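Good morning, and thank you for coming.

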Amino acid sequence: MSTLNLNQLRQAFPILQETANGHPLVYFDNAATTQKPTLVIDAINQYYQQHNANVHRASHFLSTQATEQFELARSQVQHFINARHSHEIIWTKGTTESINLIAQSYGRSNLSPDDEILVSVMEHHANIVPWQIVAEQTGATLKVIPVTQDNQLDLSAFETLLTHKTKVLAICHASNSIGTINPVKEMIKRAKSVGATTLIDGAQAVAHFAIDVQDIDCDFYCFSGHKMFGPTGIGVLYGKSEYLNNMPPWQAGGEMIERVSFDGTTFNRLPFKFEAGTPNISGAIGLGAAIRFIQSLDSDARVQHEDNLRAIAIKRACAIPNLELVRQVQPTVSLLSFNISGYHASDIGMLLDKQGIAVRTGHHCTMPLMQHLGLDGTLRMSFSFYNTEAEVHHGFDCLEKILAAEKTTGNDSTPVPVSTLPDINALTESLLAARGWESRYRMIMQLGKQLPAYPEHLRSEQHIVPGCDSTVWLSHTQSNSASETITLEFSIDSNARIIKGLSVILLSYYNGRQPEDILSSNVETLFDTLGLSKHLSPSRNNGLHAINQRILAIAQNP
Ligand code: PLP
């Protein structure tokens, strides 16, 4: 049996020796982006230190070197996915840009009102929204393959949806939210039988298993460098040359032309026709280095190790009462998605972060799938080959401790009457008196218990604040005093404890004030004083600002 030398492997990733919030970093957010080995970092540095020049155009020493390295990276990608020609590899910013390119170039020039585009309910927004836009532009219809109870693509529904009207099948190779690996080869074969063009979103596949685009016979395949140990800002669109040759350019400018005159312009050959402007040269070279790194590993041992991590995680997860795993059936990539009843995933995610454990919470850019599952999000742990069994055990040990501590401090948030909202100055003072962010954070969580009861009849869609990871309801009443001045009283509720706590701060700050007073106030200063802007995660800060914006909008137009 082959094995990985994990100690040595982990040494190759400098960031894995770092700490987070005072604890050794445990990185379980690999589906969002992977860490980078020294080899990749060095390749980028070396390019800038020794070879930096623009590619293709200039005729000097450095430019020749830069061009050679840049084109070498292209042929490394070609061999990595077994494309027939290197000109079938188009550099993009990432999966999202690759799909937009196909939708706007191929889709826009080939689709018409009677045509159908087939995607699945488990797609990332990057493989939904570009198709919605092109459907709108061309009059084509978007159809959606559902998933079964096992969260696999419903292949019998696929057979029904696949007709001679289907012009494009665009599905992911592996799901970023639930890990399902789809039977793309079989589905492509079926799609070909009705003459459909096929696109595979390989963003979650490339880091986990070998890809052979000739074997699966897709027309397009897309992926991002940063999800496979390479840099951000570089990605790949593979397309069969017979498709790419017949497609119009998407973006226009330098490099993609053959000849420009005001009488007319002719376009460059592949792949340059689709690479307008100066490309991400260091990114491509870094991605080439990432491929060399992946190819230096034993791929069977890598898959075995990742599967083992997932199996351990599932075993530990199943031992936690009230932990609800999103159902998975093999084959899947190495991740698991779950919720713990009584807690919002983002609260648990933040508590794990305090222990140095990086997980992802939320809808993972798959809102339609979450709606189908009846969830507003999950906590996702996604593994890579550099993670260890010890890290998985440590992650679950921490999770169990967090849940035990929560049980002792009480997780219920019994509402209290509105009059008991704390005075904002006293509240600020007591929060500032907390020793360190950790205890201030716990105080904010506890504060959620003082959130006044939210009117049940206003718990409706129109009162939901968009832009929050959790569900947040906000409503208001206004009172006219004898002097005819209006004052506003807001009510907020959320299924996330941290948001309940933050809402107490907001309500204490705003309630009972006049609209003009609200509009001229500056709650951001309070957020800064309390360290919220600095310490809350970006998604929490976005949520807090979304609630604040809604309050300001109401004050603007009470
Ligand atoms: N498709 C899938 C399945 C993904 O997981 C992601 C990113 O998470 C994307 C597309 C978008 O990738 P990028 O943001 O690198 O363009």
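Let me begin with terms: on a 1 Å grid over the protein atoms alone, a pocket is an open set of points with protein on both sides within 12 Å along at least five of seven lines, a cavity is a set of points where a 1.4 Å probe fits but cannot get out, and lining residues have an atom within 4 Å of a point. This is a predicted model, in which local features need pLDDT of at least 70, side-chain atom pairs count only at pLDDT 80 or more, and totals for chains, interfaces and linings use all residues. Residues are numbered from 1 along each chain as its sequence is written, and side-chain values use heavy atoms, without hydrogens and water.

The second largest pocket is lined by 17 residues, and nearest its centre lie His363, Met367, Asp376, Cys468 and Asp469. Its volume is about 460 Å³, a volume being the space filled by probe spheres set on the points, which are joined across faces, edges and corners.

Where does the second largest pocket lie? Domain 1 (3-30 + 299-409) and domain 3 (418-556) both give residues to its lining, so the pocket lies between them. These bounds come from an automatic or database domain assignment.

The largest pocket holds about 800 Å³ of space. Among its 41 lining residues, Asp29, Ala32, Arg360, Thr361 and Arg380 are the closest to its centre.

Finally, there are three cavities of 30 Å³ or more. The largest cavity has a volume of about 60 Å³, and its lining includes Asn30, His208 and Phe383.
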